[in-house]
Amino acid sequence: MAKKLDILSWNVNGIRAIERKGFFDWLDERKPDVLGLQEIKADHDKIPERFKAIDGYFAFFNPAQRPGYSGTALFTRVKPDKVGAGFGVDKFDVEGRVIWADFDDTRLYNVYFPNGKSRQERLDYKMEFYDAFLVHIRKVQKQGRKVVFCGDVNTAHKPIDLARPKENEKISGFLPMEREWIDEVIEKGFTDTFRAFHPDKADEYSWWAQRSRARERNVGWRIDYFFTDERLTPNVKKAFIEQETQGSDHAPVGITLAL
């Protein structure tokens with residue numbers, strides 16, 4: 001096991017799209033130890049073969065049952081002890097939103113949390129997913145595993161985490177009940193790693209709407225996270241957002257974790 005792991009999370013908004021936008025050049029230069037992708041939007045047979053055989057990486061995929069939708073992937077230089085998909089709730093697992101890997105006594109979850117903006121039904125689904133996921137990882141902790149989870153959480157936690165908080169108070173992604181769930185995650189002993197290292201840093205976002213030059217003007221949201229449980233938090237040596245990395249409407253986020 002490497003002494004320090006450079007772990008990245010990135011919503012790529014389509015694995016086939018990111019291939020055309022310089023992903024492999026970026027990966028060859030960046031070389032993270034572990035990389036979780038969200039929203040791969042491809043079945044196993046539609047994932048480009050190049051992703052399945054990246055030199056130096058073990059590759060794992062959890063596509064949604066619905067074609068061209070959702071889905072997650074995990075690439076790691078360190079061979080996991082075990083890899084799994086989902087967390088045992090069928091109505092969530094069919095959307096391919098969770099892939100996890102065990103490294104010694106630590107379990108890493110790479111998660112694409114639901115978006116609640118389209119209609120009330122999806123907001124309800126999102127809140128149910130939130131609650132069920134937290135129950136699940138608490139059970140895993142009680143079994144003795146340390147837990148870190150990363151991914152597109154689809155909620156900005158505090159006003160500092162988005163450029164226009166007042167204008168978005170009634171929009172899914174910044175609703176009180178969504179933000180309260182992140183409060184609960186923190187109350188249960190998890191750390192928002194980026195805020196632990198950068199408590200007052202404003203204008204650091206991980207997603208920008210694909211309109212009105214939002215990214216160019218940095219009118220964004222910080223909705224991508226790494227959360228570590230209290231036993232792992234002291235091992236986090238760095239937490240960051242790589243805003244300069246192009247190719248998706250999201251930027252990669254990451255941590256350096258000593259194990």
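I looked up isoleucine 255 to begin with. Leaving out residues up to four places away in sequence, Ile255 touches Leu5, Asp6, Ile7, Val148, Thr193, Phe226, Thr228, Val236, Lys238, Ala239 and Phe240; contact here means heavy atoms within 4.5 Å. The model is predicted, so I note that local features need pLDDT of at least 70, side-chain atom pairs count only at pLDDT 80 or more, and totals for chains, interfaces and linings use all residues. Residues are numbered from 1 along each chain as its sequence is written, and side-chain values use heavy atoms, without hydrogens or water.

Next, the cores. I take a nonpolar core as a set of buried Ala, Val, Leu, Ile, Met, Phe, Trp, Tyr and Cys residues joined through side-chain atoms within 4.5 Å, buried being under 20% relative accessible area with a 1.4 Å probe, protein chains only. The largest has 32 residues, and Ile7, Leu108, Trp221, Phe226 and Ile255 have the most contacts inside it. Another core, of 26 residues, lies apart from it and includes Tyr109, Leu134, Ile182 and Phe190.

Then the pockets. A pocket is an open set of points on a 1 Å grid over the protein atoms alone where a 1.4 Å probe fits, with protein on both sides within 12 Å along at least five of seven lines; lining residues have an atom within 4 Å of a point. The largest pocket holds about 420 Å³. I find 24 residues lining the largest pocket, with Glu39, Tyr112, Pro114, Asn115 and Asn154 closest to its centre. The second largest pocket holds about 320 Å³. Among its 16 lining residues, Asn168, Ala209, Arg211, Val219 and Trp221 are closest to the centre.

Notes
Buried < 20%, exposed > 50% of the residue type's maximum accessible area, 1.4 Å probe, protein only. Points joined across faces, edges and corners; volume = space filled by probe spheres on them.
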